[in-house]
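Biologist: I'm new to this one and would like to learn how to read it. Could you walk me through a few features?

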Amino acid sequence: METPYIYYVLVILLSSVPFSVAKAGSIPFSQAVEAAWAVDPDRTELNTNYRSAAARAEAAGSWFAGGPTVSGQYFDDHAIGSNEGYTTYQGGVSVPLWLPGQGSATVGVARAEALTIQERLHVARMAVAMRVLDTSANVVMAQRRLAIARIQKDTLEKIRASVIRGKHIGEMTLADQQIIASEIANAANEYSQSEEQVETATSALRILLGRPTVPDILSFDNVALAHDGLFSAEALENNDPRVRAARQAVRTAEAGVHLAKASFMPNPEVGVAAIHEKQYGSPWDDRVGVTVSIPLPSDVRNVPMETDARNKLAAAINQEQQARRNVRQELAQVFSHLTATKDMFRNSVLSAESMNSRANEMNRSWQVGETSLVELLRARSAASRALQLRNQAEVAWHAAIIRTLIAAGEFQ
């Protein structure tokens, strides 16, 4: 009994992983995301930014609004030609003081900036998970395309052998031999292109993960979705890292507006000063006192500072609204794509089985001389295309499930 073509292809598909990838084995998708995140360049930069923001928050808790100012002055009478020996040495140190509420507002801005960077880390990790998914799907699809190309080439080689035997006994013509030779050349081209696609895809995945392995994306199905327990669309939107980051950016901008209002004037300074004098006939030669400097408010300084803070807040609010719209639209596409890929996969399986059965019937019909070689080759080509579409639909369905889980925050 002849082995059905589709089962033969599926067996080859399962054993078609390149040696370098098969040797390394596959890993769970969650571990692949961890591996890619560990070597992601954005992670290092954002971690440095977070530590810097945390350090600024700690430094903002200082007792004074800035560093101390040291001043010194020296006067004598020699420069004007006098010879009485009048000299004065004067020095002081002062520190700026916080305005009411300014210190806590400064700390609030620094902490909000640190939280914003922390949310950006989650956004970057989500982007890494998406890249791992897309690259892994490309690898799996390329491997399956290569397997189908190899099966098609081997099948055509067997048909050519039958054609050559038939030509020797007068049952086949030279035209038939030329037709099968042309089909084999096309199959060889497809095989070479598939090999190139596999190498390109696996190289991109190896660079992304930092190791030669392929994540297991085909194990995710409806059971994984049910086990994860998806939330409502509104909850998914609010939990999306991009929305959280945009919302935190609004909080940071609001803290900046509060700081601008609290900085309604330049910081006053208070300090101590000492004077040592050497003057003719003076009974006093040393004095110590307190210095206070209070700059007055000015619209020239305050208005640009406050308007800049309000502009940043308006921009942050706009970006949050845009982020929510984009995420809302993306979630709708994710759920719609999940439903569509499930239906496409089911239909493509039926189509592939039907086209395979037709190709097998055409093969038996050709062997007894009831069907021409051209019709057989068309049937085999159609069966291969149907199987290719089936594979694409299957990979797309599993990828859509993982994309839904990513939207639910599964791999954060």
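This is a predicted model: local features need pLDDT of at least 70, side-chain atom pairs count only at pLDDT 80 or more; totals for chains, interfaces and linings use all residues.

Biologist: Okay, how many bridges link strand 2 and strand 3?

Modeller: Eight, with strand 2 (residues 69–76) and strand 3 (residues 87–96) pairing in the antiparallel sense. For one example, tyrosine 74 has tyrosine 89 of strand 3 as its bridge partner. Strand 3 is also joined to strand 5 (residues 269–278) by ten bridges, again antiparallel.

Biologist: Now the rings. What describes a pair of aromatic rings?

Modeller: The distance of the centres and the angle of the planes. Here the count is five aromatic pairs. Take phenylalanine 29 and phenylalanine 220: their ring centres are 6.3 Å apart and their planes sit at 85°, so this pair is edge-to-face.

Biologist: Why does that pair tie together parts that are 191 residues apart in sequence?

Modeller: Because phenylalanine 29 is in helix 3 (residues 29–38), while phenylalanine 220 is in the loop between strand 4 (214–216) and helix 7 (222–228).

Biologist: And is phenylalanine 29 buried or exposed?

Modeller: Buried, at 1% relative accessibility. Phenylalanine 220 is buried too, at 15%. For a stacked pair, look at phenylalanine 345 and tryptophan 397, with 5.6 Å centre to centre and 20° between the planes. Phenylalanine 345 belongs to helix 10 and tryptophan 397 to helix 11, so this pair links parts 52 residues apart in sequence.

Biologist: Which ring does the charged end of lysine 153 sit over?

Modeller: The ring of tyrosine 191, at 4.1 Å from its centre.

Key: Residues are numbered from 1 along each chain as its sequence is written. Side-chain values use heavy atoms; hydrogens and water are left out. Two strands pair if DSSP finds at least two bridges between them. Helices (H or I, at least four residues) and strands (E, at least two) are DSSP runs, numbered from the N terminus. Rings of Phe, Tyr and Trp (its six-membered ring) pair if their centres lie within 6.5 Å; planes under 30 degrees apart count as stacked, over 60 as edge-to-face and the rest as tilted. Buried means under 20% relative accessible area, exposed over 50%, partly exposed in between (1.4 Å probe, protein chains only). A charge sits over a ring if NZ of Lys or CZ of Arg is within 6 Å of the ring centre and within 35 degrees of the ring normal.
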